[in-house]
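Here's a quick tour of one model, with a few cross-links, a sheet and a loop residue along the way. Have the coordinates open while you read.

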Amino acid sequence: MGTSHYLALLVILVSLTRSCYALGEACTADDTRKCTGTGVVCGGSNICVCDSNHYPSNGGCTERKQLGEICTSHEDCTSFNKKTMCGSARKCQCRTNYYDSDGNVNVGGTCISKKKLGEDCSTNKDCTSSDSNSECHGRKCQCQSSYYDGNGNTGGGTCASKVNLEGSCTAATLGSGDPCNTAFAVCTGSESFYTCKCRRGYYKSGGNTCSKVGVALGSSCTIPTTERGPTITDACRITFAECRATSDSLSTCQCTATHYSSGPECRQRQQLGEICSSHEDCSSFDTNSICGHGRTCQCQTNYYDSDGSINNGGTCLSKVGLGSACPRPDACKPTYSICSKINVCICDRTHYDNNGVNVSGGDCYTSK
């Protein structure tokens with residue numbers, strides 16, 4: 001037998017006795033030992049393939065890497081999950097728009113899509129992975145309570161810290177885009193300058209508090225803190241009204257000291273000698289005065305003006321009887337009485353004191 005025939009026969013004998021086949025070669029499904037190499041198995045099509053934990057690389061099977069495991073190429077990671085890559089620390093990590101469900105702490109985990117503001121979410125991680133100041137609320141990514149969406153309510157923005165009253169703000173919107181860190185406040189102003197102000201019907205009652213304005217006399221109100229700016233009159237919408245405590249736990253809108261309550265409004269109290277339109281204008285200031293002739297406040301019949309009706313002001317004092325000291329000529333009570341030169345009330349010349357000159361009291365009668 002020639003040498004060439006001998007070599008051909010040897011090849012045939014080797015092929016007949018071969019039991020191990022490489023990646024990509026035919027194999028027998030019931031005898032997986034016919035496939036050789038790390039991670040190589042006989043696949044469903046009777047072809048040697050890499051198992052689920054390996055991927056084809058350089059003619060063999062290379063182990064797939066999970067999140068957190070050491071890697072040498074992006075393919076080590078992407079072969080396991082297309083959302084992963086081999087990061088700067090030579091470990092498999094999620095790509096930019098995804099986050100590790102295990103929080104980069106343990107090996108394994110899954111890369112989950114990060115959610116922007118306004119997008120659907122199922123857990124807080126879906127949102128915080130993209131913006132640490134957001135949360136999943138109502139199945140939507142929204143800013144946390146102390147932050148607002150810089151894009152207003154259109155979504156996709158960034159959560160910025162809310163600002164206090166009088167602080168500069170960048171949007172004039174409500175909802176998740178409200179930049180004011182105060183209940184009942186709104187961002188308002190012009191295109192060049194917005195600030196946080198209390199909404200209509202509310203006022204700044206403290207450093208960063210908006211309280212409801214009292215709308216009627218007797219309605220509840222909030223007394224402002226003692227700081228520059230808000231005053232007790234700011235707490236009530238009624239002109240000349242202020243917020244005052246009416247009990248240990250309640251404050252209501254009341255007229256100021258210079259005014260009195262007349263139906264739904266506060267009218268100014270009028271002093272003696274001042275113009276009036278009703279008796280109450282006068283009596284609200286001095287209970288013994290009335291709106292008299294000339295529409296001015298005057299003392300009632302049995303009282304006299306301590307200022308003598310010359311100047312505005314004064315007080316209504318009770319007139320005194322016969323025999324009593326009289327500080328003013330009009331201070332004597334009985335009809336036909338006068339204040340004598342020695343400042344004592346006596347009857348005039350045409351009348352006499354029925355009790356006698358030296359006895360206090362009595363009336364003046366016509367002389368016969």
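## Ground rules

Helices (H or I, at least four residues) and strands (E, at least two) are DSSP runs, numbered from the N terminus. This is a predicted model, where local features need pLDDT of at least 70 and side-chain atom pairs count only at pLDDT 80 or more, while totals for chains, interfaces and linings use all residues. Residues are numbered from 1 along each chain as its sequence is written, and side-chain values use heavy atoms, with hydrogens and water left out.

## A loop asparagine and its neighbours

Start with Asn208, which sits in the loop between β16 (202-206) and β17 (209-212). Its relative accessible area is 26%, so Asn208 counts as partly exposed (buried is under 20% relative accessible area, exposed is over 50%, and partly exposed is in between, using a 1.4 Å probe and protein chains only).

What does Asn208 touch, leaving out residues up to four places away in sequence? The list is Asn164, Leu165, Asn181 and Thr182, with contact meaning heavy atoms within 4.5 Å. The side chain of Asn208 meets the side chain of Thr182 at 2.7 Å, and a polar atom of the Asn208 side chain lies 2.9 Å from the backbone nitrogen of Leu165. As for Glu166, 42 residues separate it from Asn208 in sequence, with 8.8 Å between the C-alpha atoms.

## A three-stranded sheet

Next up is an open sheet of three strands, ordered β13-β15-β14 with antiparallel pairing; two strands pair if DSSP finds at least two bridges between them. β13 (168-169) and β14 (185-190) are the edge strands, each pairing on one side only. Antiparallel β14 and β15 (residues 193-198) are joined by six bridges. Cys187 has Cys196, in β15, as its bridge partner.

## Disulfides: the helix-to-strand case

How many disulfides does the structure hold? There are 21, a disulfide being a pair of cysteine sulfur atoms within 2.5 Å. One of them joins Cys282 to Cys297, S to S 2.0 Å. Cys282 lies in helix α4 (residues 279-283) and Cys297 in strand β23 (residues 297-299), so this pair ties together parts that are 15 residues apart in sequence.

The torsion about the S-S bond of Cys282 and Cys297 is about -85°, so this disulfide is left-handed. Cys282 is buried at 0% relative accessibility, and Cys297 is buried too, at 3%.

Cys326 is in the loop between β25 (316-318) and β26 (337-339), and Cys339 is in strand β26, so the pair ties together parts 13 residues apart in sequence. Here the S-S torsion is about 90°, so the Cys326 and Cys339 disulfide is right-handed. Both cysteines, Cys326 and Cys339, are buried.

Cys332 pairs with Cys345 at an S to S distance of 1.9 Å. Cys332 lies in the loop between β25 and β26, and Cys345 in strand β27 (residues 345-347), so this link spans parts 13 residues apart in sequence. The Cys332 and Cys345 link has -95° about the S-S bond and is left-handed. Cys332 and Cys345 are buried.

Definitions and conventions:
A polar contact is a pair of N or O atoms within 3.5 Å; within protein, one must be able to donate a hydrogen and the other to accept it, and residues adjacent in sequence count only if both atoms are side-chain atoms.
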